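Good morning, colleagues. Please have the sequence and the model in view.

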Amino acid sequence: MEDIAIIGIGMHPFGRTDGLSGQAQGAFAVREALRDAGVNWNQVGVAYGGSQDAGNADALANHLGLTGIPFVNVANGCATGGSALASVVAAIRSGMAEIGVAVGFDKHPRGAFNPRPADWGLEDWYGETGLMLTTQFFALKTQRYLYEHGIPEESLVRVAQRAFRNGALNPQAWRRRELSFDEIAESMPVNLPLRKYMFCNPAEGGAALVLCRASQAHKYTDSPIIVRAAVMRTRHHGSFEVFSPGLAARQAPAPTATASRAAYEIAGVGPEDIDVIQLQDTDSGSEIIHLAENGFCEHGEQGLLLRNGTTDIGGRLPVNTDGGCLANGEPVGASGLRQVIEACTQLRQQAGARQVPGAPRLGYTHVYGAPGVSAVTILEAP
Amino acid sequence: MMNDSASLQPHLPVAHLLSQGASGLGLLGSQCRQCGEVYFPATGNCTACCGSDLASCDIGSQGRLWSWTVQAFMPKAPFNSGETESDFQPYGVGYVQMPSGVKVESRLTTADPAALAIGMPMALCLVRYGQRADGRPLHTFAFAPANEGGL
């Protein structure tokens, strides 16, 4: 299979930008990525993108220019960015276009998400009686996971502490204040065992990538990042997913585990080869679960890894080096591509104060979300 | 807590999920006639074997707490308890593992973390969780901590 390369990365900073629409933030990110690649919008032959709450991606053409290209709207929840990237890779590989763009953006209202039951194939009582909350699901899944694998609750604090420590080193992060162990451990309960500083916030922002065939990449950049794998998977019967009034008697591996295995197989590498890691951390518990589901440790080992600094920037498994969702917030459509951009920045060795030492060669990104989707990428340094 | 579900039908949006047999209140589910997989709530589709021939079945009223949390902030709409931010009462939420192995998501009758532990026996009941704009109470199913002998 022919290699595909990322030749441009661009973001609109995550957080809150009053007065600027989600689509305008998406268009900003595309312009930044085009500038980074040194190409013009009218050279782009195909684009995929999406948002959850900020409208259709093809409306970005109204900002960027109506050049007539196939611009496909992607709506895959948290995996929107990953799905867009996988689609652009396939499109370029098929010969559909020389240059492609993947873009994600969003602008969510403040506070927790409030989905409508009918949109998820559920009856009204499920939302009316107070059972349809993403935070509740993450808490129930975390509670069970900590119990099954003997992981102490202090591990939830350590994930958040590292996220905000890394965020403080990232000039683009939304939350740039380090928090102490006690500040996190004593913060307001939201859904026990998860507390205020263990949850990310819905936010705003945009993220975009420009890609082309690896064999052509040096026409545009000295530091192309090779996409070794870009995989998206959905849930199997028996996996523990959000918005489930009932769970099956049997338990099946999560979509993260199947996406991860497929990505390693396609890339021909294993978790021991990865040098820098971005994992979905909508909440502290999710990151703990995802460390094992992506193969970076055994279930139950996380308590020790977090306590002894293994997942810190200078550790053996540097996780969420830009502060992750916890420090950057989660604009759903853009979040997965933010991870890819952070991995590219690390592999280009342009991450400044948060740079992983030792010239990292392989980067790994992982998103997971409703209603049971996951996208994984494996990226290689120039 | 209420036991007379028949008189509450107009205020009980979950009535179709419940059975009221000689042995008391129970939950209704469905079972795949092809592969035997059990579902709550009842469904017409089997996501295990991709079949669509399912029969109604009794899920029961007793189980064990499989996971739990406490809902500490007031959910946005479509939550309809009628409470306000100032009088909102946190409530427990859990999954209860039923005899078939199916886990049922449910409100719990207690929101006290010290009173909840994974593995403890739980029993089905009805609770008042709010009231409508016209003042009439709203009820739903819930699970309450039960005696070990009840299982």
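This is a predicted model: local features need pLDDT of at least 70, side-chain atom pairs count only at pLDDT 80 or more; totals for chains, interfaces and linings use all residues.

**Aromatic rings, chain B and the interface**

Ring pairs join five residues, A:Phe137, A:Phe138, A:Phe240, B:Trp66 and B:Tyr95, into a cluster.

Over all chains, the structure holds 16 aromatic pairs. Take A:Phe137 and A:Phe240: their ring centres are 5.6 Å apart and their planes stand at 85 degrees, so this pair is edge-to-face. The cut-off behind that label is an angle of over 60 degrees between the planes. Where do A:Phe137 and A:Phe240 lie in chain A? A:Phe137 belongs to helix H5 (residues 134–149), while A:Phe240 is in the loop between strand S8 (225–234) and strand S9 (246–247), so the pair ties together parts that are 103 residues apart in sequence. Both A:Phe137 and A:Phe240 are buried.

A further pair is formed by A:Phe164 and A:Tyr197, which is edge-to-face, with 6.4 Å from centre to centre and 85 degrees between the planes. Here A:Phe164 comes from helix H6 (residues 154–168) of chain A and A:Tyr197 from the loop between strand S6 (194–195) and strand S7 (204–213) of chain A, so parts 33 residues apart in sequence are tied together by the pair. The reasoning rests on the cut-off for buried, which is under 20%.

In chain A, the charged end of A:Arg175 sits over the ring of A:Trp174, 3.8 Å from its centre. In chain B, the charged end of B:Arg107 sits over the ring of B:Tyr91, at 3.7 Å from the ring centre.

Let me turn to chain B as a whole. How many helices and strands does chain B have? There are 0 helices and 9 strands, and the pattern along the sequence reads β-β-β-β-β-β-β-β-β. The radius of gyration of chain B is 16 Å, close to the 15 Å that the globule rule gives for 151 residues, so chain B is as compact as a globular protein of that length. Along its principal axes, the C-alpha trace of chain B spans about 50 × 35 × 30 Å. Of the 151 residues in chain B, 48% are buried. Among contacts in chain B with a separation of 6 or more, 51% are between residues 24 or more positions apart. The accessible surface of chain B is about 6,800 Å², and carbon and sulfur atoms hold 51% of it.

B:Ser56 is placed in strand S4 (residues 54–60) of chain B. Is B:Ser56 buried or exposed? Its relative accessibility is 62%, so B:Ser56 counts as exposed. Leaving aside residues up to four places away in sequence, B:Ser56 touches B:Leu28, B:Gly29 and B:Ser30.

Finally, the interface. The size of an interface is often given as the accessible area lost when the parts come together. Chain A and chain B bury about 3,300 Å² between them, with 58% of that on carbon and sulfur atoms. On the chain A side, A:Trp125, A:Glu128 and A:Leu140 lose the most area to chain B, together 19% of what that side buries. In terms of contacts, 37 residues of chain A meet 41 residues of chain B.

Note on methods
Residues are numbered from 1 along each chain as its sequence is written. Chains are lettered from A and ligands numbered from 1 in the order in which they are written. Side-chain values use heavy atoms; hydrogens and water are left out. Helices (H or I, at least four residues) and strands (E, at least two) are DSSP runs, numbered from the N terminus. Buried means under 20% relative accessible area, exposed over 50%, partly exposed in between (1.4 Å probe, protein chains only). Contact means heavy atoms within 4.5 Å. Rings of Phe, Tyr and Trp (its six-membered ring) pair if their centres lie within 6.5 Å; planes under 30 degrees apart count as stacked, over 60 as edge-to-face and the rest as tilted. A charge sits over a ring if NZ of Lys or CZ of Arg is within 6 Å of the ring centre and within 35 degrees of the ring normal. The radius of gyration is taken over C-alpha atoms; the globule rule is 2.2 Å times the number of residues to the power 0.38. Accessible areas come from the Shrake-Rupley method with a 1.4 Å probe; for residues, only the protein chains shown count as cover. Buried area is the accessible area (1.4 Å probe) that two parts lose on being put together, summed over both.
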